[in-house]
Amino acid sequence: MDALREKARALLEGGTVKVVIGYAGGSDPQRARAVFVRDAAQADQLIWNETCRQNLATYLNKPEVKALGKPALVARPATLRSLLQNAVESQLADEAVLALAVADGQVVELPTFAAIEEYLAQQPHGLTAEQQQELSRLAALSLEERWAFWSAELGRCIKCFACRAACPLCYCDRCIVEVNQPQWIPVASDALGNLEWNVVRAMHLAGRCVDCGSCADACPEGIRIDLLNRVLAQEALGSFGAEPGYSTRKDYALAAYKPDDKEEFIR
Amino acid sequence: MSQQRILEKKSLDELFGKLTAAGNRVLAPLRNGQRVEFAEVGAGQGGGSPGRDTASQIDLDYIQTARPAKEVVFPRYEHMLRYRLAGKDAQAEEIAPEARPTVLFGLHPCDAASFATLNAVFTWDSPDAYFEPKLAKLTIVGLSCTQGDAYCFCTSVGGGPGATHGSDILLTPIDGKRYLAEIVTEKGAAVVALAPHLFAPANGESEPERQRGATTEPGATATDLKEAVLAQIAPRFAPEQLGQRLPALFPRNGVWVEQSLRCIGCGACAYVCPTCTCFDIQDERQRYAGVRLRCWDSCGFGLFTLHASGHNPRAKQSERWRQRVMHKFSYQPERLGVLGCVGCGRCSRSCPADMNLAQHVEALAQTPT
């Protein structure tokens, strides 16, 4: 934490960045909140602990944040992946943001996409044992049981779109749910409307989602949206070898054609 | 007309039975895993009418539910009319609002107070045909708070952990076995009339009851016992401070930008707010037939004020945050005579970005104009 504050002070004093987007203590000890430090004297607000979960990359598109000038961004590995995936999708220019990875009390400056790629290559890939078990449990359910599980989960959706707002890859100016001529997605948060919204979003993120978990953390109803995304991420990995966010190579699964793409799902 | 009675906790099942027998749907805070939600008593695992399982389903020690009870009078979506197109002909058929006699049981005073704000909005010019019948058939049996958390701020917005306004009956658990029942309105008296034998005279009204009360605390009146158990919620600001200050702060763009930098622009705060009333009306058509419905909307969304011309008077999140605060703490008090906030704290507990309304408003109350 001291190293992070020290780094933030130096970056602001040296004029390398205009703002350090990081985490500060939140409303209660279990929560952290985003903080936008512009004055080196305020760097002591920054914290780093297990409550620092929100993917701060979601702020990079916000006009009020853009207006602050060049940012440094305190980043978890998943945050770094979302930066690279945004780069793949032409949403972020190289060197537009200085990523700060914190590990073992050290702060690593990652000023370029190449540096982020290199850093991520050293990080563990794939699911944790706990995540894997959870997916296995879900897969082991019968069709009826799984339908019951998802009906109960998605039935709580109130369509507040916190999942979308929290997601750094949901950057569309106008989301498909906001298009009503024609109306693609039913507006009501009834069984069909909730199912369509959540499934459409999950499909839209398939092969793009970097599994930061911010959607599920954001959901006021505690819906396990992350599970939907994680299952599809596994599908994209198995079918196309897609592991989004580890490189700026433009080959994301659902938009790139390869002659050797598997086609078993087309019957 | 407030009258004081004593209701034994063990009588709740019988009371629910009487309420249901009288044709009411009874909604109470029910625990489902980690969550507590207002749901129909007896409709869950136990099934059927309220019975032995009722008391175990209900969680009357909850601090706050995630979702407010406003869905009883203002559902998240509601069908208004059906229409059919045939050539140049359009036929529309109104869908009558569904208004079932409902008892909301165990609502905390903040939530009970929220119905006054909802009512002020939905009746301010012409009465809302979908809201009014539901409110007319709603009875609220409130439950005083004996505990709060860091997000509660009812006492800053004219409420209190034992405030009676909004409740038809307010219950306060004065000891492990009994509630003090304050009968506040005619609707509350009608509940008592269904089972008068369950509502015993309170301390101070009859000698035997005085003696029973004396076993808990010598000489204490029922009101004393109530005061002793209420949660302590320290006031953080006064609404009067805001009335004059907020209009002066309106043009101070920097204040609003600074407060809302971390806001991510979702609708969670509005959707979990017991007093937010904004809705959107949309037609959903499948070729030649469709339905018109209204569903919750939020001033936090970028599309909320987007004009057909493409102009958006609130293009930025900071402008939308300002609107949210101004509407609740300035416009509604000025125009409708009610605050748009009851201090339940749901918005702040739910916010994915930890926007904390009470902290922000407290800061505004101290910002020099």
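Is Leu205(A) buried or exposed? Leu205(A) counts as buried, because 25 C-beta neighbours lie inside 10 Å and the threshold for a buried residue is 20 or more. The model discussed here is a predicted one.

**Leu205(A) and its helix**

Leu205(A) belongs to helix α8 of chain A, which covers residues 191–205. Leaving aside residues up to four places away in sequence, Leu205(A) touches Leu169(A) and Asn229(A). Leu232(A) is 27 residues away from Leu205(A) along the chain, and their C-alpha atoms are separated by 8.3 Å.

Helix α8(A) also packs against helix α6 of chain A, residues 143–155. On the α6(A) side the contact consists of Ser151(A), Leu154(A) and Gly155(A), and on the α8(A) side of Ala191(A), Asn194(A), Leu195(A) and Asn198(A). By class, this contact holds 3 nonpolar and 4 polar residues, with no charged ones.

**Two helix pairs**

Two packed helices are described by the angle between their axes and the distance between the axes.

| Helix pair | Angle between axes | Distance between axes |
|---|---|---|
| α6(A) and α8(A) | about 95° | 9 Å |
| α8(B) and α11(B) | about 90° | 9 Å |

In chain B, helix α8 spans residues 239–249 and helix α11 spans residues 317–336. The angle of about 90° makes α8(B) roughly perpendicular to α11(B). To their contact α8(B) gives Pro239(B), Leu242(B), Gly243(B), Leu246(B) and Pro247(B), while α11(B) gives Met326(B), Phe329(B), Ser330(B) and Pro333(B). These residues divide into 7 nonpolar and 2 polar, and none is charged. In chain A, α6(A) and α8(A) are likewise roughly perpendicular to each other.

Chain A is divided into domain 1, residues 2–121, and domain 2, residues 129–240. Taken over C-alpha atoms, the centres of the two domains are 26 Å apart. Contact between them involves 13 residues of domain 1 and 12 residues of domain 2. The domain 1 side of this contact has 2 nonpolar, 9 polar and 2 charged residues.

The largest nonpolar core contains 169 residues, and those with the most contacts inside it are Ile21(A), Leu73(A), Ala99(A), Ala162(A) and Leu104(B). Both domain 1 and domain 2 of chain A give residues to this core, so the core lies between them. Leu104(B) touches Leu27(B), Phe38(B), Ala69(B), Val72(B), Leu138(B), Ile140(B) and Val141(B), when residues up to four places away in sequence are not counted.

**Contact between the chains**

Chain A places 31 residues in contact with 30 residues of chain B. On the chain A side, the elements giving two or more residues are β2 (32–37), α2 (63–66), α7 (162–166) and α9 (214–218). The chain A side is made up of 15 nonpolar, 7 polar and 9 charged residues.

**A buried loop residue in chain B**

Thr164(B) lies in the loop between β7 (138–143) and β8 (169–173) of chain B. Thr164(B) is buried, because 21 other C-beta atoms lie within 10 Å, against a threshold of 20 or more. Not counting residues up to four places away in sequence, Thr164(B) touches Ser2(B), Leu170(B), Glu182(B) and Val184(B). Lys18(B) is 146 residues from Thr164(B) in sequence and 23 Å from it in space, C-alpha to C-alpha.

Definitions and conventions
Residues numbered from 1 in each chain as written. Chains lettered and ligands numbered in written order. Predicted model: local features only at pLDDT ≥ 70, side-chain atom pairs only at ≥ 80, totals over all residues. Axes fitted to C-alpha atoms, helices over the stretch in contact; angles between N-to-C directions. Helix = DSSP H or I, 4+ residues; strand = E, 2+ residues; numbered from the N terminus. Parallel < 35°, antiparallel > 145°, perpendicular 65-115°, else oblique. Contact = placed C-beta atoms within 7 Å. Nonpolar A, V, L, I, M, F, W, Y, C, P; charged D, E, K, R; others polar. Core = buried A, V, L, I, M, F, W, Y, C linked by C-beta atoms within 7 Å. Buried ≥ 20, exposed ≤ 12 C-beta atoms within 10 Å, placed from the backbone. Domains from an automatic or database assignment.
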